[in-house]
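Trainee: I have a structure to read today. Can we go through it together, step by step?

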Amino acid sequence: MAGIATVTFSSGFANAPRLLHLRQQFLGASLSFLYKQSFSMMGFNGQLRQKRPNFARKLVIKAARTESKGVELGSRAPHFELPEPLTGKTWTLEDFEAYPALLVIFICNHCPFVIHLKKDIVKLANFYMKKGLAVVAISSNSAVTHPQTQEVAKDFGAVCTPEFFLFKKDGRRPFELVYHGQFDDSRPSNNVPVTGRDLSLAIDCVLSGQPVPSVQKPSIGCSIKWHPGRKL
């Protein structure tokens, strides 16, 4: 098995299932990759960025900017149990016990930081799934229709999107957090090329049995929209 990830990006995102099968479109429908299927991009509604003037878009980015908070490295991966809407299957942490590493990504359909990285997140996931990485992407903004996803976000300590949690598996030991940092230095308006360097380096270290650098820059993105009573 090469990995699983599920993400949904649909026009009715607030009412969409939170653990998604990544197969069709990264934005505008649903996106999924499962086992040996590729994490591919088959469509994108490019008009999303064009509908808003640049000044309005910049204001949104500035207002939503949030950094991931410190989560202790070495922490165990929290248990989760979330449904995959296209198949009805429920996935749990235990389903990934056979993998040497697990990447959990918290995402959001309309977040400009996620949109900015979408193509490269797909490329990175598709590349490393072939090397044995398991990948799960969770949308955590809908607490009304799927409140369990916000509980999972709280358990992980997630506060923004995108936010990356990389865990390693050493034999029968539980998954342990080894990387909780940024994708790279690129942001929607800083003109820095997207490379995925930081996250790629961490994944390479885990899959090759090398220690992951402890100095990690926090991920920066849109704050998770907590339902009243669920905020961290």
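Mentor: Start with a term: a residue is buried when its relative accessible area is under 20%. Keep in mind that this is a predicted model.

Trainee: How many of the six residues of strand β9 are buried?
Mentor: Strand β9 covers residues 163–168. The rest of the structure largely encloses β9, because the buried residues number five of the six.

Trainee: Which residue stands opposite Phe 167 of β9?
Mentor: Look at strand β6, residues 101–107. Strands β6 and β9 pair in the antiparallel sense over six bridges. Opposite Phe 167 stands Leu 102.

Trainee: In β10, which residue is the bridge partner of Lys 168?
Mentor: Strand β10 spans residues 176–179. It pairs with β9 in the antiparallel sense, over three bridges. The partner of Lys 168 is Glu 176.

Trainee: How far apart are the end C-alpha atoms of helix α3?
Mentor: Helix α3 has 18 residues, 112–129. At 1.5 Å a residue, α3 should span 26 Å. The distance in the model agrees with that: 25 Å.

Trainee: At which residue does α3 bend?
Mentor: Most of α3 is covered, with 14 of its 18 residues buried. The bend is about 55°, and it falls at Lys 118.

Trainee: What kind of aromatic pair do Trp 91 and Phe 96 form?
Mentor: The structure holds nine aromatic pairs. In this one, the centres are 6.0 Å apart and the planes are at 25°. Planes under 30 degrees apart count as stacked, so the pair is stacked.

Note on methods:
Residues are numbered from 1 along each chain as its sequence is written. This is a predicted model: local features need pLDDT of at least 70, side-chain atom pairs count only at pLDDT 80 or more; totals for chains, interfaces and linings use all residues. Side-chain values use heavy atoms; hydrogens and water are left out. Buried means under 20% relative accessible area, exposed over 50%, partly exposed in between (1.4 Å probe, protein chains only). Helices (H or I, at least four residues) and strands (E, at least two) are DSSP runs, numbered from the N terminus. Two strands pair if DSSP finds at least two bridges between them. The expected span of a helix is 1.5 Å times one less than its number of residues. The bend at a residue is the angle between axes fitted to the seven residues ending there and the seven starting there. Rings of Phe, Tyr and Trp (its six-membered ring) pair if their centres lie within 6.5 Å; planes under 30 degrees apart count as stacked, over 60 as edge-to-face and the rest as tilted.
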